[in-house]
Amino acid sequence: MSAQNEQENKGDKAPQAAAKLPGFAMVALILGVFMAILDTSIVNVAIPKMMSVFGVNQSQIEWVVTAYALVSGALVPATGFLGDRFGYKKMYVISLAIFTIGSGLCGIAWSNNAMIVFRIVQAVGGGAMMPISMAMILRMIPVERRGIAMGMFGIAIMFAPATGPTLSGYIVEYLDWRLIFTINVPIGILDLFLSAAFLREFKSEVKRRFDLAGFLTSSLGLASLLYGVGLVSEKGWTDHEVLAFVLTGLVSLIAFITIELHVKDPLLDLSLMKNWTFTLTVSISSLVTVIMMGVLFLLPIFLQSVSGLSAVQTGLLLLPQALMSGFMMPIAGALYDKIGAKAIAVIGMLITAYALYLTSQLSMETSHGTIIFWMCLRAAGMGLMMMPMQTAGMSTVPMDKVGQGTALSNTIRQVSGAFGIAWLSMLFTDRRNFHSASYAEQLNMFSTSVTDQINRLQNSFVALGQSASQARASALSYVAGQVQIEATITALDDVFILTAALSLVALALSLLIKEKKRKGEPGMPMMGE
């Protein structure tokens, strides 16, 4: 048999092998990405405990969270080059090993500074796994089966951040807080064996030079921008530190774009943005990320600050929506393989918009069961459309640029998610201040109904043993507290209305997707181990 015939046979076997989902290979990729994404949210609940153990204040301990986000975000643009140059399996295994080692080191950290250093080690591995694993799936699986494959992969993306607070809350309250890190070690070791045994290697035949200038400007730009935007909810957009970091980030990213458009071997191939479907789906996915992250960030404010639930109770209340999103992912993937992305996206965004409109009716009288239903409905809508949208865009990217495509799309979504949280949290604060001032003005102290209510409250406090002056102060303090609670709830309702409107914008953009029937396009033939 000639060498050409042998190559053709190998080429025939690759699509046939990919026709069925490679089960253990998918498990290896999903497991690693789930751990990496989980560690972006699981630490938050343990922050007070770590402050006590390490004897540090809030601003010092926040670097445990911030360092992970900045390092993982800054590394994403380089993942396409690393995978193409050294092989995707090799880079995934190395990333997984670094993440596992970093997790073990975090579990034995003896001080806050040590924890920050070890979180950086953990982020070096965790930040690379997401785009690398997505690129591997797109290369392994033929077009007609990518929907279900990406649907399974999406379980990690949607399920992990939602379950992080629940799992962390349980561990911190009932077990040892260090388990939130050390639990990754045995799982990571198991995943290393699975990856070594079942993943196949493939890399680009074209050798590119490493774009050092692009890497330095993108890393500085993303890290500065993400850090500056992360400070917005605390300090506002006009703060000098926020402005300095945001401007540094923007200038660096402008320099990065300029370099990428002129260098021979760019770190990220920005010409992919000329692909209408790819750009449109990335834009829609970024908008949906803003909606998702904003809701996950703001709803616990109501549950903990207004309803008075503990972190564990809040996590348990949010758990059903995580289960719903995980349940919808493979269903959405199977539907994508049959009917494409447009119809699924439209239905998903309609459900999401309706669920967020219902959530804008939130009040003190809203039962926990009703909140769970609203959140599950929203999760069903978003779970229905998220991965089909990403799959539709990436399926239009040439196979030799898949690595760069996943790196570019993940970078854009990460930045949009950070901006979304900052923007929505700032909007929430502004609306709360507005409603607080408005309600205070309505409390006319010369009004008979207002004075009667305050007098009744004062008498109640007197009956509890307070003096007349103390009871008067307690009554006024209670009324002021009620004003703040009402202002908080109304501000949240305003934000939910806005996110419902953003869902309709995403729906309108989804109608612009142009789909054409493709059949049988296989993944890239895999190289022998």
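Of the 529 residues of the chain, 52% count as buried, where buried means under 20% relative accessible area, exposed over 50% and partly exposed in between (1.4 Å probe, protein chains only). The model is predicted: local features need pLDDT of at least 70, side-chain atom pairs count only at pLDDT 80 or more, and totals for chains, interfaces and linings use all residues. Residues are numbered from 1 along each chain as its sequence is written, and side-chain values use heavy atoms, with hydrogens and water left out.

The chain has 20 helices and zero strands. Helices (H or I, at least four residues) and strands (E, at least two) are DSSP runs, numbered from the N terminus. Among contacts in the chain with a separation of 6 or more, 83% come from residues 24 or more positions apart. Contact means heavy atoms within 4.5 Å.

Two packed helices are described by the angle between their axes and the distance between the axes. Helix α2 (residues 23-38) and helix α7 (residues 112-140) have axes that come within 9 Å and cross at roughly 155 degrees. Helix α2 is therefore roughly antiparallel to α7. Axes are lines fitted to C-alpha atoms, for helices over the stretch in contact, and angles run from 0 to 180 degrees between N-to-C directions. Angles under 35 degrees count as roughly parallel, over 145 as roughly antiparallel, 65 to 115 as roughly perpendicular and the rest as oblique. On the α2 side, the contact is made by A25, M26, L29, G32, V33, A36 and I37. Helix α7 contributes G126, M129, M130, S133, M136, I137 and M140.

Helix α7 also holds F118. At 11% relative accessibility, F118 counts as buried. Leaving aside neighbours within four places in sequence, F118 is in contact with G102, L105, C106, A109 and W110. F118 and Y68 are 50 residues apart in sequence, and their C-alpha atoms are 9.4 Å apart in space.

The largest nonpolar core has 113 residues. Such a core is a set of buried Ala, Val, Leu, Ile, Met, Phe, Trp, Tyr and Cys residues joined through side-chain atoms within 4.5 Å. M50, M115, I137 and F153 have the most contacts inside the largest core. Beyond its neighbours within four places in sequence, M50 is in contact with V43, G55, I61, V64, M115, W177 and F181. A second, separate core of 14 residues includes L70, L225, L231 and L253.

T499 lies in helix α20 (residues 468-510). With 1% relative accessibility, T499 counts as buried. Not counting residues up to four places away in sequence, T499 touches I291, L356 and L424.
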